[in-house]
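The structure is shown first.

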Amino acid sequence: MDCFLVLPQGFEKSLDRFWEGGGELRMGIDPTKQAQSGILRGLIMRTWFELMHQRFMDVERSRELVSDGIEQLEQSEELGWMEKGVLLTFLRSLDDMLGNVSDEEGFAQGAQGGGFNGPEIVTQDVSRDSVGPRSAFEVTFPSGILWAMIACVSAFAVSTVRERTHGTLLRLNVAPVTHSHFLAGKALAAFIACTVVTLMLLAISQLPAFGVRFDEPGKVALAVICNSLCFVGITMLVSTLGKTEQAVGGLSWGVLLIMAMFGGGMIPLFIMPDWLLVLSDFSPVKWGITAFEGAIWRDYSYAELALPCGILLAVGVVGFLVGVFRLSKQGRA
């Protein structure tokens, strides 16, 4: 909201008591909109004087208003005798003048320049609440980060298959290293790669050319960790989709592209149709983007971040356990 105008109760009746001025109006305006503030003040004063002009054009109506004013002043106990005397003298003189007016147009022109005070405008600064991204980069960087993680998943999935096809897992069978150690090392390397790539993109986003906000770094760090753990689990799962590097590379990108397509990696979530938003709930990419957007510009609380981060962790744990189980069986084969 850039501005607002508050009319006090009974403002319409105060227009009839023109000798008291226009009363007080409260105007709220964004402090950065100084030009608009001046324009609004001018419109208010013009409207007030136009109303006064219309009332003075009707001489009979003006005489009624003056008579009412004289009656109210005579009954008033709030004004001192001196102030009451001055106002009564003025209004009675005005009433006499109105009684002698025959040319309404001439009277209206004289009244317009009669020096009556307009309303007093009290200004209150208001700031516009930011409820959306301040730039397009705050929308594109979260999806860009997810694309970088997808690339890490595909690369590590293929490297895991390469370890098996090149005989690394076979040699580990006679070495003092278990499959658990091997898989833990792969998972740690994938986690570090996803985290480092994400941190690099986040660092680039802080350049003046992009200006992505980091109001609460703790929430951003939470989104980074949960996304990295999620995609570590996905890495373990997609590495079991085939027996050769070519098969795993093709299948992993096929699965991940579908996740990105329905999860907001290609079309921003907030412009998706309702039916596509329902489908996007099944894509971890959607929850990864939601976590980053919530931490960067949606101003999510930690309680609100619990849902996307919880889903990411659940997907990561399930994918990791299933992937480790399948990789262990393939390693023994």
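R213 and E138 form a salt bridge, with 2.8 Å between the closest N and O atoms. The two residues are 75 apart in the chain: R213 belongs to the loop between α8 (179-205) and α9, and E138 to helix α6. The model is a predicted one.

Both partners are buried: R213 has a relative accessible area of 8%, and E138 one of 0%. Each counts as buried because its value is under 20%.

## Other salt bridges

The whole structure holds six salt bridges. Among them is the pair E216 and K219, whose side chains meet at 3.0 Å, N to O. E216 is partly exposed, at 32% relative accessibility, whereas K219 is buried, with a relative accessible area of 5%.

Another is formed by R298 with E293, where the closest N and O atoms lie 3.0 Å apart. Here R298 is partly exposed at 30% relative accessibility, and E293 is buried at 2% relative accessible area.

## The crossing of α6 and α9

Helix α6 (residues 137-165) and helix α9 (residues 217-238) have axes that come within 9 Å and cross at roughly 35°. Their crossing is right-handed.

On the α6 side the contact is made by L146, M149, I150, V153, F156 and A157. On the α9 side V224, N227, S228, F231, I234, T235 and V238 take part. By type, the residues of this contact are 10 nonpolar, three polar and no charged.

Technical notes
Residues are numbered from 1 along each chain as its sequence is written. This is a predicted model: local features need pLDDT of at least 70, side-chain atom pairs count only at pLDDT 80 or more; totals for chains, interfaces and linings use all residues. Side-chain values use heavy atoms; hydrogens and water are left out. Axes are lines fitted to C-alpha atoms, for helices over the stretch in contact, and angles run from 0 to 180 degrees between N-to-C directions. Helices (H or I, at least four residues) and strands (E, at least two) are DSSP runs, numbered from the N terminus. A crossing is left-handed if the near helix is turned anticlockwise from the far one by less than a right angle, and right-handed if clockwise. Contact means heavy atoms within 4.5 Å. Ala, Val, Leu, Ile, Met, Phe, Trp, Tyr, Cys and Pro count as nonpolar, Asp, Glu, Lys and Arg as charged, and the others, Gly among them, as polar. A salt bridge is a side-chain nitrogen of Lys or Arg within 4 Å of a carboxyl oxygen of Asp or Glu. Buried means under 20% relative accessible area, exposed over 50%, partly exposed in between (1.4 Å probe, protein chains only).
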